[in-house]
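Here is a briefing on the structure below. Look it over before reading the points that follow.

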Amino acid sequence: MEITQVEAPKKSISDKVYWHGYIPFYETFFAGREFTRIAEFGVYKGNSIRWLLERFPNSKIFGADLFLTFQSEWPTDARFEFTQLDQGDPGQIADFLK
């Protein structure tokens, strides 16, 4: 299944579409599955968080980034929770994934 930027939800165009090209893999992997919790490492401008919130309307999304504070361009949604961490630190990642 190939998903292009045009077919992806307009309000949540993510670097997963236009930069990394992960969406076809994700859609195959996610097919027929539901998740209650999803972790996203590297929030950047929040577009992937928006995509996850839209793609998984019943899931809580946990975003982790090196940013010290919540950024104004990130989505505000009761299902999105941000944690500041260094993804190069295995201890911080282990704590985040508990």
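Over which residues does pLDDT stay under 50? Residues 1-11 form that stretch, where pLDDT is the predictor's confidence in each residue, from 0 to 100. This is a predicted model, in which local features need pLDDT of at least 70, side-chain atom pairs count only at pLDDT 80 or more, and totals for chains, interfaces and linings use all residues. Residues are numbered from 1 along each chain as its sequence is written, and side-chain values use heavy atoms, with hydrogens and water left out.

**Confidence**
- The protein chain has a mean pLDDT of 82, and 79% of its residues reach 70 or more.
- For residues 1-11, the model has 18 contacts beyond four places in sequence; contact means heavy atoms within 4.5 Å.
- Where pLDDT is low, the predicted coordinates should not be read in detail.

**Overall layout**
- The protein chain has 4 helices and 3 strands. Helices (H or I, at least four residues) and strands (E, at least two) are DSSP runs, numbered from the N terminus.
- Read from the N terminus, the order of elements is α-α-β-α-β-β-α.
- The chain has 98 residues, and 35% of them count as buried. Buried means under 20% relative accessible area, exposed over 50%, and partly exposed in between (1.4 Å probe, protein chains only).
- Among contacts with a separation of 6 or more, 38% join residues 24 or more positions apart.

**Nonpolar core**
- The largest nonpolar core holds 14 residues. Such a core is a set of buried Ala, Val, Leu, Ile, Met, Phe, Trp, Tyr and Cys residues joined through side-chain atoms within 4.5 Å.
- Helix H2 (23-30), helix H3 (47-55) and strand E3 (80-84) each give two or more residues to this core. H3 supplies the largest share, 4 residues.
- Ile49, Trp51, Leu52, Ile61 and Phe80 have the most contacts inside the core.
- Beyond four places in sequence, Ile61 touches Ile38, Ile49, Leu52, Leu53, Arg79, Phe80 and Glu81.

**Largest pocket**
- The largest pocket has about 220 Å³ of space. Its lining counts 13 residues, with Tyr26, Phe30, Ile38, Ala39 and Leu52 nearest its centre.
- H2, strand E1 (37-41) and H3 each give two or more residues to the lining.
- On a 1 Å grid over the protein atoms alone, a pocket is an open set of points where a 1.4 Å probe fits, with protein on both sides within 12 Å along at least five of seven lines; lining residues have an atom within 4 Å of a point.
- Grid points are joined across faces, edges and corners, and a volume is the space filled by probe spheres set on the points.

- Ala64 sits in strand E2 (residues 60-65). Ala64 counts as buried because its relative accessibility is 2%.
- The C-alpha atoms of Ala64 and Glu40 are 6.2 Å apart, although 24 residues separate the two along the chain.
- Ser59 lies in the loop between H3 and E2. Ser59 is buried, at 1% relative accessible area.
- Beyond four places in sequence, Ser59 contacts Phe35, Thr36, Ile38 and Arg79.
- Tyr44 is in the loop between E1 and H3. Tyr44 is not a glycine, yet has a positive phi of about 50°.
- Tyr44 counts as exposed because its relative accessibility is 52%.
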